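Student: I keep meeting labels for parts of a protein. Can we go through where they come from?

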Amino acid sequence: TLFPYTTLFRSQAFSFFDRALKTWPERDRARRAPQVLLWLHGLSAAHAEQYAPALVDLRILLDRAEQAEAAGALTQFSTLRANEVRYVLATVEQQAGLTDSAVSHYQQVLVHDLGQYMAHTQLANIHESMKQLDLAIEERRRAIAANPDDPSLQYDLGYTLARAGRFTEARAALREAMEGNPLNPRIPYVLGKVELRLQDADAARASLSRFIAMAPSRFAEQVEDAKADVASLH
C-alpha cells in the first residue's frame, strides 16, 4: 500500500481533516483554504483510499505552487514545491488506477528533475504491470543512472530483465545487486532461478543454497522450492 497505517487510523485522520476543511465554504476552498490544511486533508484522504477528494486537494496545491513559481513568489520558507506536489499527485493517481494521468505527471516530474529516480521506478512499475517490459527496463536503467548507489534498483532491474527472458543481462544486474546488498534474501533466490535458465548448475546451486541458508521464515514456500531445485542438480 502507499501509506503504512491501519485502516482505522486512516479513516479517523481523514474524518478529522475533512471536518476542518468543511469549515471553509466550498466555493472558497481552492482560493483561500490554507495550504497546510489542503495538504493534510489530501494525504489523509489518500491514506483512507478516498482518492477523489485527495486528487482535488493535490490538484489545487499543484496549481497554487505552479503559479507561485511562475511569479517568482516562492521563498526559502515555502513548504511545498510544485514538483514535490506533482510527484505525490502522480502516486495517488497511480493508486487510483488513473494510469495515463499518473504517467503524464511522472514524466513532468522528470522534465523538472531528471534526478528524481523514484519517478523512473514508478514509471517502470506501471510499464511492467502492463507487460511493456522493454519500456520498464529502460526506466529501471534510468533510475540506476540517477541513483547508482542504491542496490535495490539493480535488483529491480535484474528481476525485470529475468521476466523479459534476458537472462544473461539479468544475472549481471543481480550479481551487482547482491554485492551491494548481501543480506537481501530475494536476490540469491532470483539469481539462482536465472542461473538455472542459463544452465549454469554450479552457480545456481551456490545461489540457491545461499538463499536457503539466509531466508527468514516468511520465505518458507520459496525455501522448499529452492531445496527442490538444489536436489535436482545433484
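Predicted model: local features only at pLDDT ≥ 70, side-chain atom pairs only at ≥ 80, totals over all residues.

Student: Why is Val194 called buried?

Tutor: Buried means under 20% relative accessible area, exposed over 50%, and partly exposed in between, with a 1.4 Å probe and protein chains only. Val194 has 2%, so Val194 is buried.

Student: Where is Val194, and what does Val194 touch?

Tutor: Val194 sits in helix H11. Helices are DSSP runs of H or I with at least four residues, numbered from the N terminus. Contact means heavy atoms within 4.5 Å. Leaving out residues up to four places away in sequence, Val194 touches Ala162, Phe167, Ala170, Arg171 and Leu174.

Student: What makes a set of residues a nonpolar core?

Tutor: The members must be buried Ala, Val, Leu, Ile, Met, Phe, Trp, Tyr or Cys, joined through side-chain atoms within 4.5 Å. The largest such core here has 26 residues, and Leu174, Val194 and Phe211 touch the most other members. Helices H8, H9, H10, H11, H12 and H13 each give two or more residues to this core. H10 gives the largest share, six residues. Another core, of 25 residues, lies apart from this one and includes Ala33, Leu38, Ala45 and Leu55.

Student: Which residues does Phe211 contact?

Tutor: Setting aside neighbours within four places in sequence, Phe211 meets Pro185, Pro188, Tyr189, Phe219, Gln222, Val223 and Ala226.

Student: How do you know whether Lys131 and Gln199 are buried or exposed?

Tutor: Use the cut-offs again. Lys131 has a relative accessible area of 66%, so Lys131 is exposed. Gln199 has 74%, so Gln199 is exposed too. Lys131 is in the loop between H7 and H8, and Gln199 is in the loop between H11 and H12. Phi of Lys131 is near 60°, a positive value in a residue other than glycine. Phi of Gln199 is also near 60°.

Student: At what angle do H6 and H7 pack, and what is that arrangement called?

Tutor: H6 (residues 99-112) and H7 (residues 117-129) pack at about 155°, with axes 9 Å apart. That makes H6 roughly antiparallel to H7. The cut-offs are under 35 degrees for roughly parallel, over 145 for roughly antiparallel, 65 to 115 for roughly perpendicular, and oblique for the rest. Axes are lines fitted to C-alpha atoms, for helices over the stretch in contact, and angles run from 0 to 180 degrees between N-to-C directions.

Student: Which hand does the crossing of H6 and H7 have?

Tutor: The crossing is left-handed. That label applies if the near helix is turned anticlockwise from the far one by less than a right angle; clockwise is right-handed. By class, the contact of H6 with H7 has eight nonpolar, four polar and no charged residues.

Student: How do H3 and H4 pack?

Tutor: H3 (residues 35-47) and H4 (residues 51-70) pack at about 145°, with axes 8 Å apart. Their crossing is left-handed.

Methods: Residues numbered from 1 in each chain as written. Heavy atoms only, no water. Nonpolar A, V, L, I, M, F, W, Y, C, P; charged D, E, K, R; others polar.
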